[in-house]
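Please read the following with the sequence and the coordinates side by side. The paragraphs begin with how elements are assigned and then move along the chain.

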Amino acid sequence: MTTATETSPATAVDSAANNWLQKSAAWLRSVGIPTELGSSSAAEGERSTTERLKATLRRGNEALSPRELRRLLADLQAVGASEVSDAEGGRLAEPVMQWYAAAQPEQRLDCWRLLCEQFMPDVTKIGQARQRYEDAIGTASMAAAERHLRKALQTPRMRLFQRFAVPAQGMRFLLDLRAQMLPQLKSQEWLVAVDADLEYLFSTWFDIAFLELRSLSWDSPASLLEKLIKYEAVHDIRSWTDLKNRLDSDRRCYGFFHPRLPNEPLIFVEVALVDKMSDSIAPLLDEAAAAADVNKASTAIFYSISNTQTGLRGVSFGDSLIKTVVEQLLQEFPKLRQFATLSPIPGFRSWLGKNAGEVWEGADKRLRAELGKALDKAEPTVDDWMAALEQPGQWQAGDAAAKLLLHAAARYLGKSLVKDKPVDPVARFHLGNGSRVERLNWAGDTSAKGIKQSYGLMVNYLYDLKRLDKHRNALAQGKIPVSSGIEALAKV
């Protein structure tokens with residue numbers, strides 16, 4: 001995301017050092033090792049792996065015995081040893097990967113503890129390198145000090161993970177490893193540093209420069225088409241007929257692929273080529289509908305974007321996907337003039353449940369009175385409105401209940417920020433890519449999922465290619481880019 005002010009190299013490196021030190025301190029505190037950054041004791045009754053490696057007998061609920069733990073540590077150390085080549089380290093990693101695949105969850109947790117406690121960064125070394133860098137700022141030795149700091153931040157775990165990436169299935173192994181770790185981060189604070197190493201490596205390995213954009217069609221291998229069915233996260237693909245409809249002549253599907261995962265799309269987007277901005281998902285998913293004439297298409301609608309790899313959480317390439325797809329579409333269809341989404345609003349219903357009272361009090365009194373007439377209530381309450389919304393199918397877009405809901409959704413998408421970011425996850429993605437909130441659509445998705453998420457509302461985000469940077473800058477300043485229509489709805 002473009003920010004209003006640029007960050008100097010000095011500030012960026014210092015920030016990285018601070019971030020790393022804090023994460024290192026987190027796991028050191030969790031295992032009871034005091035540091036200059038703070039200290040605390042390990043959970044009562046738990047032994048660190050250092051204590052367990054010196055012991056003879058297993059204690060309590062420990063999954064691996066001291067002997068098994070020592071054997072696993074020796075295997076891991078052999079993989080990451082600096083004196084062996086990457087190729088040899090990769091060969092030694094394969095038996096460890098086989099052990100891990102057959103291990104129980106508790107045994108894997110012990111493996112993670114070894115990764116955390118026995119392949120830790122040298123906090124003292126990092127602190128000294130950081131001090132050296134701070135002392136060198138503005139001097140001729142600053143560049144050398146920065147290089148020294150960057151080297152100090154490289155942990156033994158990183159070299160170990162790099163060796164695991166060498167075998168053919170190594171990248172798949174590491175992605176699955178992180179996917180298994182992520183749900184445990186809140187309860188196991190010490191895992192944060194291990195996760196930070198993996199996220200850093202993935203952000204390098206899965207840089208856009210190493211990814212390939214592929215167009216997927218009905219002629220693609222069946223094994224690849226099965227992945228689309230498996231990973232579709234927005235609108236479930238119900239059958240092969242459904243999938244064929246999404247790959248028809250008036251549709252396009254693109255995905256990013258990595259050379260080490262040639263048959264696994266990392267993220268894919270489904271596109272409909274139409275003559276105007278779509279306001280409902282049903283026609284796009286209608287298997288019986290005739291294909292549109294692509295030669296008359298003026299608009300590309302991105303109606304589904306799905307990330308497929310949980311292990312790549314925090315590694316963003318969705319914005320690059322959209323930009324690359326737009327370029328690809330313009331090459332094939334130079335007459336396209338509009339690029340927009342038809343998106344769900346997954347967090348809206350939950351948000352309204354918490355903020356309905358505030359929305360009701362701030363809404364136009366005439367709309368509230370109009371709702372009262374429709375409900376035959378002289379003085380309707382917020383509870384009356386919420387009860388009416390339980391039957392969204394009985395209301396039209398021009399009805400008071402609907403207008404009030406559209407007002408609430410405009411406030412949710414156009415005004416609500418958490419830590420200077422849009423509160424809705426889909427909005428964060430598209431607005432962070434430079435789009436703007438363009439239009440709300442009543443009854444855009446009347447499926448059970450659509451009703452559960454947003455009372456059936458959907459939203460169009462518009463990608464105005466000439467204003468992407470402007471919109472990003474506005475968002476960085478805490479102002480969500482919206483159309484005049486959304487602005488007016490939010491003020492109702």
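Helices (H or I, at least four residues) and strands (E, at least two) are DSSP runs, numbered from the N terminus. This is a predicted model, in which local features need pLDDT of at least 70 and side-chain atom pairs count only at pLDDT 80 or more, whereas totals for chains, interfaces and linings use all residues. Residues are numbered from 1 along each chain as its sequence is written, and side-chain values use heavy atoms, with hydrogens and water left out.

Ser 343 sits in the loop that runs between β5 (338–341) and α15 (348–362). Its relative accessibility is 3%, and therefore Ser 343 counts as buried (buried means under 20% relative accessible area, exposed over 50%, and partly exposed in between, with a 1.4 Å probe and protein chains only). The side chain of Ser 343 makes a polar contact of 2.7 Å with that of Thr 341, where a polar contact is a pair of N or O atoms within 3.5 Å, one of which, within protein, must be able to donate a hydrogen and the other to accept it, and residues adjacent in sequence count only if both atoms are side-chain atoms. Leaving aside residues up to four places away in sequence, Ser 343 touches Val 426, His 430, Met 458, Val 459 and Tyr 461, contact meaning heavy atoms within 4.5 Å.

Two packed helices are described by the angle between their axes and the distance between the axes. The axes of α15 and α17 (residues 382–389) come within 10 Å and cross at roughly 130°; axes here are lines fitted to C-alpha atoms, for helices over the stretch in contact, and angles run from 0 to 180 degrees between N-to-C directions. The contact is made by Leu 352, Ala 356, Gly 357, Val 359 and Trp 360 of α15 together with Val 382, Trp 385, Met 386 and Leu 389 of α17.

A second pair is formed by α18 (residues 400–415) and α22 (residues 484–491), whose axes come within 7 Å and cross at roughly 115°. Here Leu 406, His 407, Ala 410, Arg 411 and Lys 415 in α18 meet Ile 486, Glu 487, Leu 489, Ala 490 and Lys 491 in α22.

Two loop residues remain. Lys 419, in the loop between β6 (417–418) and β7 (421–422), has a positive phi near 55° although it is a residue other than glycine, and at 79% relative accessibility Lys 419 counts as exposed. Tyr 455, in the loop between α20 (448–454) and β9 (458–462), has a positive phi near 60° and is likewise a residue other than glycine, but at 4% relative accessibility Tyr 455 counts as buried.
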